[in-house]
Amino acid sequence: MKQIAFWFDVISPYAYLAFERLPQALAGLPCSISYRPLLFAGLLSHWGQKGPAEVEPKRAWTFRHVAWLAHRNGVTLQTPAQHPFNPLALLRLALACAPAGETPSRAVCEQLFRHVWRDGGDPNEPARLAGLVQRLAPLRDTRSDEVKDALRQATAAAIATGVFGVPTFEVDGRLFWGVDSIEMLVACLRGDPWFDGPGWLAASTPVAGVVRKRPPQA
């Protein structure tokens with residue numbers, strides 16, 4: 001049975017859409033999924049990237065795109081009242097719902113994603129957040145150093161694996177980034193020979209000696 005690591009941050013609408021699509025996409029395939037929360041901002045900082053919300057045209061496109069994807073796939077999506085927001089409380093809650101050293105269940109992750117992407121409220125509004133904590137009944141204190149360290153370690157592990165964005169799926173040492181990579185992931189799981197041939201490695205090999213020149217400035 002194949003083991004899939006699903007790296008995510010609840011701040012990402014693409015991670016939410018991927019989460020909702022996975023059961024249907026993977027139906028009938030012999031695989032299991034571990035849900036691995038990480039801090040997306042930690043990835044951005046490490047790789048020197050800006051988040052989509054930091055570039056206004058990209059922010060506008062992102063929310064139009066995810067609205068279209070949700071419409072096309074029949075997924076309920078309502079943009080939260082505050083975005084971007086600080087996801088630390090929710091990510092720590094996810095980890096606190098699992099025993100030390102383990103990952104949260106799909107049921108826990110489902111409540112967290114839907115708390116952000118279905119209700120349309122502020123994810124960190126105190127009364128809403130308290131209600132979510134009460135429903136999930138975490139096994140560990142979300143404010144403990146143990147849980148905070150677990151999130152830092154999870155983010156560091158993702159970076160060490162080569163994860164640069166969310167959602168990312170990891171299987172057999174291969175990484176698949178983005179909701180639009182699910183079909184590629186499924187093809188790999190079904191044994192498409194391309195993944196074991198030269199194509200997989202060759203596609204990512206830089207072309208030696210090619211220097212891209214900048215166009216002349218006006």
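Rings of Phe, Tyr and Trp (its six-membered ring) count as a pair if their centres lie within 6.5 Å, with planes under 30 degrees apart called stacked, over 60 edge-to-face and the rest tilted. By that rule, F6, F8, Y16, F19, Y35, F113 and F169 end up in one aromatic cluster. The model here is a predicted one, so local features need pLDDT of at least 70 and side-chain atom pairs pLDDT 80 or more, while totals for chains, interfaces and linings use all residues. Residues are numbered from 1 along each chain as its sequence is written, and side-chain values use heavy atoms, with hydrogens and water left out.

The structure holds 14 aromatic pairs. F6 and F8 make a stacked one, because their ring centres sit 5.6 Å apart and their planes are at 20 degrees. Both F6 and F8 are buried (under 20% relative accessible area, with exposed over 50% and partly exposed in between; 1.4 Å probe, protein chains only). W194 and W200, by contrast, pair up edge-to-face, at 6.2 Å centre to centre and 80 degrees between the planes. W194 is partly exposed at 38% relative accessibility, and W200 is partly exposed at 21%.

R106 lies over the face of F19, 3.7 Å from the ring centre. R174 does likewise with W200, at 5.3 Å from the ring centre.

Methods: Lys NZ or Arg CZ within 6 Å of the ring centre and 35° of its normal.
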